[in-house]
Amino acid sequence: MLINFSFSNFKSYRDNQQFSMLRAIPAQKHEDYDWPHKEISMVAGLYGGNASGKSAFIDAFKFITDFVIDSFNPNFSLEDALQPFRLNASSKTKPSNFLVDFIGTDDERYRLELSITQKHVTFESLRIYNGGRSSRIYEREYQEETGLYSYCYGRFFTGAKKSYEQMTRPNALMISVLYAANVSLAKPVYEFFRQRVGTYRADLFDWELENIQRELKRGTSSSKAIVRLMKEANLGISLVQTKDLLNEIFEASQDDGDPRGNRYAELTSGLLAVSQPELTREERNERASKLAKQPPEPVYQLSFTHTGANGFQETFSEEDESRGTLAVLAFFSLALRLLARRSIGFVDEIDSSLHPNYVEELVALFKDPRTNPYQSQLVFTTHDVSLITRTGADRRILDQDQIWFVEKDVDGSSELYPVTAIPSRWEENFGRNYLHGIYGASPRPNFHEAFVQAEEELKKAQADYTAEKFCGEAK
């Protein structure tokens, strides 16, 4: 579970930013359920204008995740992956700083702290908590004077320290090296990032459809749950998986009564004629006869059965299906995976492909222990103010301490802050106030007059072109 995350000098963020999933005591008192970790929130929504830095926030956590997982790989390019703030001269050469406070896969609390340039790691520290106090596991710091690293170890660290130090390159993390060396203390930290963290862009859901195909092919319990969800989601659509045409032709060739019986052998013979033209007709037919007895590797495709009036049904392929339906299917699959074990999912632009009602229901899944028994977490960026709007006696989906804003300053730097940093009341209508600019972070577009001027310039350019063309024709 993620507890705290702070970072600086990354993409549009110049100064130190502090993000937290910790819940204050008043927020815990408003909670309806008795969670195992009631002091940690399950959801957080980030609001802000276009290009304010919301996606960069998720990119910052993705960078740390990728660096922990892949930095031992010599092909990992730190220079390409790390993008410091570029709108002043000094930030480009300063280290980027990151701190992740989390519960590892062994249910212990850890703190990983890093300072990194595009050339090397300047500082790396891993600590473990015992109650409210933390103890050092190891610490590594780059010495500018010598160009070497100094190391400090706590009582938890045992093993061949010098060997691990020699294995750790300047542009790699020691935690990655320790995991590769099968050091047990590295496992709950490394596997938190590898197994528990996922970052997703809502408009790029094709990757999830491929995962669904694999699950359906294997007939897993997850695939059965997805099929049931699609059937009961009030879309009028059921999900099935069909084999491709080549598999259908082969299966027909095995049935003596099917009129397509010889098609597979004919198709095989035709392919051999193109790929191996040197074969005689007899050789080709003999080889085709043998190949026709071997089934092709199945290629499965998603199909969607729509039900119309009077029970009439029609099947659509994935290419014929609407992007909205595919997005709902992808999010069902993603939610099932995140909720199946303790995980944290970062989703960028969660409302870009989903109706607000689906977004609301998806977020609500993470706030209910019946659907979120492992207390998984969802952190997302959005423009959907219905999640923070209170209408009548209805309760908001996001609580006061689960609302975050991102605003970009005139100098091009982004700032991340919670609504709790602004004087506000628990029952406030945050959605309405946000749109009115009370909390900042809400864009105040002022391009109407610029469009008027642009249109006038286009009209003038068109008139000049017409006049020149007319004069040219007259000559």
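This section describes the cavities, pockets and salt bridges of a predicted model.

Two cavities of 30 Å³ or more are present in the structure. The largest cavity has a volume of about 60 Å³, and its lining is made up of Tyr 200, Arg 201, Ala 202, Leu 204, Phe 205, Trp 207, Glu 208, Ala 330, Phe 331 and Leu 334. Strand E9 (197-201), helix H7 (206-218) and helix H12 (323-339) each contribute at least two residues to this lining, and the greatest contribution, three residues, is that of H12. In terms of class, eight of the residues that line the largest cavity are nonpolar and two are charged, whereas none is polar.

The lining of the second largest cavity consists of eight nonpolar residues, with no polar and no charged ones.

Turning to the open spaces, the largest pocket holds about 360 Å³ of space. Its lining comprises 15 residues, and those nearest the centre of the pocket are Leu 229, Phe 332, Ala 335, Glu 361 and Leu 365. At least two lining residues come from each of helix H8 (221-232), H12 and H13, with H12 providing the largest share, six residues. The lining of the largest pocket divides into 12 nonpolar residues, one polar residue and two charged residues.

The second largest pocket has a volume of about 210 Å³ and is lined by Glu 31, Asp 32, Tyr 33, Glu 360, Glu 361, Ala 364, Lys 367, Arg 395, Arg 396, Ile 397 and Asp 399. Of these residues, eight are charged and three are nonpolar, while no polar residue takes part in the lining.

Among the charged residues, a search of the whole structure identifies 18 salt bridges. One of them joins the side chains of Arg 14 and Asp 15, with an N to O distance of 3.1 Å. Asp 15 has a relative accessible area of 41% and is therefore classed as partly exposed, and Arg 14, at 26% relative accessibility, likewise counts as partly exposed.

A further salt bridge is formed between Arg 23 and Asp 399, whose closest N and O atoms lie 3.1 Å apart. This pair connects distant parts of the chain, 376 residues apart, since Arg 23 belongs to the loop between strand E2 (17-20) and helix H1 (25-30), and Asp 399 to the loop between strand E14 (377-381) and strand E15 (403-408). Asp 399 counts as buried because its relative accessibility is 2%, and Arg 23 is also counted as buried, at 6% relative accessibility.

Asp 399 additionally forms a salt bridge with Lys 367, for which the closest N and O atoms are 3.5 Å apart.

Methods: Residues numbered from 1 in each chain as written. Predicted model: local features only at pLDDT ≥ 70, side-chain atom pairs only at ≥ 80, totals over all residues. Heavy atoms only, no water. 1 Å grid on protein atoms, 1.4 Å probe; cavity = no way out; pocket = protein on both sides within 12 Å on 5 of 7 lines; lining within 4 Å. Points joined across faces, edges and corners; volume = space filled by probe spheres on them. Helix = DSSP H or I, 4+ residues; strand = E, 2+ residues; numbered from the N terminus. Nonpolar A, V, L, I, M, F, W, Y, C, P; charged D, E, K, R; others polar. Salt bridge = Lys/Arg side-chain N within 4 Å of Asp/Glu carboxyl O. Buried < 20%, exposed > 50% of the residue type's maximum accessible area, 1.4 Å probe, protein only.
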